[in-house]
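Below are my notes, as a few numbered points to read beside the model.

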Amino acid sequence: MRAIYATDLSAASEAAIHNETCLECLDRVGVETIHLVTVVPSNVHAGMPGMDLQQRRQQGLDRYRAVMESAGFEVETHVVRGTPHRRINGIAGTVRADMTIIGSRGQSPLENRVIGSTARNLARTTVVPLLVNRVERATDEPEIRHEHLFQRILYATDFSENAERAFDAFSYLRHATEEATLVHVESPKDPSDDAEAQLETLAGRLDDWDIDTSIELRYGDAADEILAVEDEVEPATTLLGSRGRSRLRRLMLGSVSEEVVARASGNVYLVPPPRTA
């Protein structure tokens, strides 16, 4: 597997990249090659006072490369200019990446819907599965919130085609997963007759992989209930699919996925629809 690791070379990124447990998790799910990417925004120019951005960013990536190579990964670095999420998506497509990883500060105590603009834009437009890796806010030396990226997973499903596609990610995540909670939120306006049976069927598939699995059937607002379960079971990562909403923006998140990505306290692994020409 090939992964894009997008970094702005901040303290948050430093915390994530230097965490050996995170790197071990990536190795266990099959990542062999990592493309380290940093983007210089188009409105930032090297001629600005005190800025030698290209050289400084390459030096930063070279430090990260050394850490990852010592952990056994093949590493390539990319310093590019442009709109961050567009360039990251472009590189992901070019190298045929299997996932993109980006660090994001955790929730603000004043505004719990704030995530970094690049993380938000990637979540809305990503062409490959996206891991939003949360780190602490309001500290000069942030730490990642969950060292074991995939040890405990909360999987949210509406039983749609793309939710099933997200569930298929367990085929490789299972090598690093010990526990899973499966949640479906019923709409009072459109209840189903067999939701619990469908959850049990999915749980059985994970049981076959020796993953300790529980199910949660909730009623109410989907995003609120998924986040409530996250708060109760404290997973390392919440796994869910996104849905296209129109031909023009077929990779835009559905409203539930967007809420979860923005408001979750832990990591989120978002699986988009298949890429089409």
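1. A word on terms to begin: helices (H or I, at least four residues) and strands (E, at least two) are DSSP runs, numbered from the N terminus. With that in hand, Gln151 is placed in the loop between β5 and β6. Its C-alpha atom is separated by 8.5 Å from that of Cys25, and the two residues are 126 residues apart along the chain. Leaving aside residues up to four places away in sequence, Gln151 touches Ala176, Thr177, Glu178 and Glu179 (contact means heavy atoms within 4.5 Å).

2. Please keep the basis in mind: this is a predicted model, where local features need pLDDT of at least 70 and side-chain atom pairs count only at pLDDT 80 or more, while totals for chains, interfaces and linings use all residues. Residues are numbered from 1 along each chain as its sequence is written, and side-chain values use heavy atoms, with hydrogens and water left out.

3. On the rings, a search of the whole structure finds four aromatic pairs. Rings of Phe, Tyr and Trp (its six-membered ring) pair if their centres lie within 6.5 Å; planes under 30 degrees apart count as stacked, over 60 as edge-to-face and the rest as tilted. Phe150 and Tyr269 form an edge-to-face pair, at 6.0 Å centre to centre with 70° between the planes. Phe150 lies in the loop between β5 (130–135) and β6 (152–156) and Tyr269 in strand β10 (residues 267–271), so this pair ties together parts that are 119 residues apart in sequence. Both Phe150 and Tyr269 are buried (buried means under 20% relative accessible area, exposed over 50%, partly exposed in between, with a 1.4 Å probe and protein chains only).

4. How are the rings of Tyr155 and Phe167 arranged? Their centres are 5.3 Å apart and their planes at 65°, so the pair is edge-to-face. Tyr155 is in strand β6 and Phe167 in helix α6 (residues 161–167), twelve residues apart. Tyr155 is buried at a relative accessible area of 0%, and Phe167 is buried too, at 1%. Ring pairs link Tyr155, Phe167 and Phe170 into a cluster.

5. Strand β10 deserves a look: five of its five residues are buried. Asn267, Tyr269 and Val271 point one way, Val268 and Leu270 the other. Two strands pair if DSSP finds at least two bridges between them. β5 and β10 run antiparallel, joined by three bridges, with Tyr269 as the bridge partner of Leu131. β9 and β10 pair in the parallel sense over five bridges.
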